[in-house]
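Subject: Structure for your review

Dear colleague,

Please find below the structure that I am handing over to you. My findings follow it.

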Amino acid sequence: MENIVNETAPKYNFITPEEYLARERVSLTKNEYFKGEMFAMSGASLEHNEIFSNLFGILTTSLKGKSCKPYGSDLRVNIANDSLYTYPDISIICGPPETTDEHKDTVINPSVIIEILSKSTKDYDRGGKFNLYRNSLTLREYIQVDSTTISVELFSRNTKNSWNLVEYKTINDFFKIEAIDLNILLKDVYENVSLA
């Protein structure tokens, strides 16, 4: 019995970022990746899609011809410090997109990330995911838009590298995305959205 060696059990499902990207580039579904594990992404509700369409339309129109550009959830973002590969609902990149490799399908320099919260993702988007996003050196604002109630939470990075939160809860409120100098009315964000 003296020859027993206690070692940690190997992680059989662990894959490298390179293996993840190779699989993801041929996958018919989208998967996020964090520290060796892949996580399947679920579909979105009608309310989620209405909010996305409203916001993306506003951003696309407002930023046409400017140096900042919005991208939808098909663009993968990598937060290198945390080995996170994710698909934010909307990313805004100011200046040329910086990609991880010659495939040009993964960016590392979002200025603004917008997540549309659902019942199933709300806790993760508010907690763990935001903790990871904060490690992006280029991220200036993180915006959470609730798809189940009128609520927008805007986190902005201040000069001390801390994050400030401002909440918007009424339909006639507007919030300002400082990185792109744009005011958006909640009424426009929630247009045609049926809330319970």
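Of the 196 residues in the protein chain, 39% are buried, where buried means under 20% relative accessible area, exposed means over 50%, and partly exposed lies in between (1.4 Å probe, protein chains only). The model is a predicted one: local features need pLDDT of at least 70, side-chain atom pairs count only at pLDDT 80 or more, and totals for chains, interfaces and linings use all residues. Residues are numbered from 1 along each chain as its sequence is written, and side-chain values use heavy atoms, with hydrogens and water left out.

Overall composition

The protein chain contains 5 helices and 13 strands; these are DSSP runs numbered from the N terminus (helices: H or I, at least four residues; strands: E, at least two). Among contacts with a separation of 6 or more, 50% are between residues 24 or more positions apart, a contact being heavy atoms within 4.5 Å.

The sheet

An open sheet of 6 strands runs in the order β3-β6-β8-β9-β10-β11, with mixed pairing; two strands pair if DSSP finds at least two bridges between them. Its edge strands, β3 and β11 (163-168), each pair on one side only. From one strand to the next, the twist averages 15 degrees. Helix α2 packs on this sheet and touches β3, β6, β8 and β9, and its direction makes about 160 degrees with that of β3 (axes are lines fitted to C-alpha atoms, for helices over the stretch in contact, and angles run from 0 to 180 degrees between N-to-C directions).

Strand β6 deserves a separate note. Because 4 of its 5 residues are buried, β6 is largely enclosed by the rest of the structure. It pairs with β3 in the antiparallel sense over 4 bridges, and K69 has I93 of β6 as its bridge partner. The pairing of β6 with β8 is also antiparallel, over 3 bridges; here I92 is bridged to V112 in β8, and S91 stands opposite I113.

The disulfide

There is 1 disulfide, defined as a pair of cysteine sulfur atoms within 2.5 Å. It joins C68 to C94, with an S to S distance of 2.0 Å. The two cysteines are 26 residues apart and link distant parts of the chain, C68 being in strand β3 (residues 68-71) and C94 in strand β6 (residues 90-94). The torsion about the S-S bond is about 110 degrees, so the disulfide is right-handed. C68 is buried, at 8% relative accessible area, whereas C94 is partly exposed, at 24%.

The nonpolar cores

The largest nonpolar core has 25 residues, and L55, L59, I143, V145 and F175 have the most contacts inside it. Such a core is a set of buried Ala, Val, Leu, Ile, Met, Phe, Trp, Tyr and Cys residues joined through side-chain atoms within 4.5 Å. Elements that each supply at least two of its residues include α2 (46-63), β9 (141-146) and β12 (174-177); α2 gives the most, with 4 residues. A second, separate core of 14 residues includes L75, V107, I113 and L139.

Leaving aside neighbours within four places in sequence, the contacts of I143 include V112, L154, F175 and I177.

Yours sincerely
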